[in-house]
Amino acid sequence: MPASQPHSVVAIAYDGLCTFEFGIVVEVFGLRRPELSVPWYHFSVCSLERRALRAAGGVTVTAGAGLGRLRHADTIIIPGWRDAEDPPEALTRAIRRAHDRGARLVSICSGVFVLAAAGLLDGKKATTHWRYTERLAATFPRVRVQPDVLYTDDGEILTSAGSAAGIDLCLHIVRRDYGAAIANQVARRLVVQPHREGDQSQYVRQPLRL
């Protein structure tokens, strides 16, 4: 990534924003990192709704730009989606256009439903929170749902399982872009493991065997 042209990461905010998932994206891509020896990402937030947006926890968020920002994004991140409901056509259309020009698309948790509704996951591997995997498979049968993994990487489309698995995916993206040494430094500042072993099946409630 040349210093003269930093990689542009745009997060999509929406009414009903998943605060934790959004916070993960800001923490990894939006903070200044002068301790690193590489030019960091250029981070911004956009939204379909040009107003104050309600977010989980009783806070409001106002995005700095509209969906037009996606036209110049290198990476677009969807940090969850409100109860996995159908996204607006204006959003899925903008996502498809970004994909057509080569932007990298990333979803965290229920954000995968936006990518699926845009028709971009047909025939591809994808995951989401274990609470939503059956719903994802039933609603979008052409998606190759991976119910147990922490994240999937299908080249230019990446998806994560629920909540904290978004940290795993974001660190994976940093590792892809800058290598393991830089990703390890970011993980150290986050005070998390650079790479977490296992899958999300260990977090699903199982009946006790007596």
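This is a predicted model: local features need pLDDT of at least 70, side-chain atom pairs count only at pLDDT 80 or more; totals for chains, interfaces and linings use all residues.
Me: Start with the core. How many residues are in the largest nonpolar one, and which have the most contacts inside it?
Reply: The largest nonpolar core holds 67 residues. Phe 29, Leu 70, Ile 76, Ile 95 and Val 174 have the most contacts inside it.

Me: Which helix gives the largest share of this core?
Reply: Helix H5, residues 165-178, with six residues.

Me: And what is Ile 95 in contact with, leaving aside its neighbours within four places in sequence?
Reply: Ile 95 is in contact with Ile 12, Leu 70, Ile 76, Ile 78, Leu 105, Val 114, Leu 115, Ala 118 and Leu 120. Leu 70 and Ile 76 are also among the residues with the most contacts inside the core.

Me: OK, helix H1. Which residues are buried there?
Reply: In H1, residues 19-30, the buried residues are Glu 21, Phe 22, Ile 24, Val 25, Val 28 and Phe 29. Seen down the helix axis they fall within an arc of 150 degrees, so they line one face of H1.

Me: What covers them?
Reply: The cover includes strands S1 (8-13), S2 (42-47), S5 (75-79) and S6 (104-108), together with H5 and helix H6 (180-190).

Me: Switching to rings. How many aromatic pairs are there?
Reply: The count is seven. One of them is Trp 40 with Tyr 178, which is stacked, at 5.2 Å centre to centre and 15 degrees between the planes.

Me: Where do those two sit in the chain?
Reply: Trp 40 is in the loop between H1 and S2, while Tyr 178 is in helix H5, 138 residues apart. Both are buried.

Me: Why is the pair of Tyr 41 and Tyr 178 edge-to-face?
Reply: Because the ring planes of Tyr 41 and Tyr 178 stand at 85 degrees, with the centres 5.4 Å apart; edge-to-face applies over 60 degrees. Tyr 41 is also in the loop between H1 and S2, 137 residues from Tyr 178. Tyr 41 counts as buried at 7% relative accessibility.

Me: Which residues form the aromatic cluster?
Reply: Phe 29, Trp 40, Tyr 41 and Tyr 178. Phe 29 is one of the buried residues of H1.

Me: Which arginines lie over a ring face?
Reply: Arg 131 lies over the face of Tyr 132, 5.1 Å from the ring centre. Arg 135 lies over Phe 113, at 5.8 Å from the ring centre.

Me: Now salt bridges. How many does a search of the whole structure find?
Reply: It finds 11. Among them, Asp 15 bridges to Arg 51, with the closest N and O atoms 3.7 Å apart. Asp 15 is in the loop between S1 and H1 and Arg 51 in the loop between S2 and strand S3 (53-55), so the pair ties together parts 36 residues apart in sequence.

Me: Are those two buried or exposed?
Reply: Asp 15 is buried at 8% relative accessible area, whereas Arg 51 is partly exposed at 44%.

Me: What does Asp 177 bridge to?
Reply: Arg 104, with the closest N and O atoms 2.8 Å apart. Asp 177 lies in H5 and Arg 104 in S6, so the bridge ties together parts 73 residues apart in sequence. Arg 104 is buried at 3% relative accessibility, and Asp 177 is partly exposed at 22%.

Me: How far apart in helix H2 are Glu 89 and Arg 93?
Reply: Four residues, about one helical turn, in H2 (residues 89-100).

Note on methods: Residues are numbered from 1 along each chain as its sequence is written. Side-chain values use heavy atoms; hydrogens and water are left out. A nonpolar core is a set of buried Ala, Val, Leu, Ile, Met, Phe, Trp, Tyr and Cys residues joined through side-chain atoms within 4.5 Å. Buried means under 20% relative accessible area, exposed over 50%, partly exposed in between (1.4 Å probe, protein chains only). Contact means heavy atoms within 4.5 Å. The arc is that of the directions from the helix axis to the C-beta atoms. Rings of Phe, Tyr and Trp (its six-membered ring) pair if their centres lie within 6.5 Å; planes under 30 degrees apart count as stacked, over 60 as edge-to-face and the rest as tilted. A charge sits over a ring if NZ of Lys or CZ of Arg is within 6 Å of the ring centre and within 35 degrees of the ring normal. A salt bridge is a side-chain nitrogen of Lys or Arg within 4 Å of a carboxyl oxygen of Asp or Glu.
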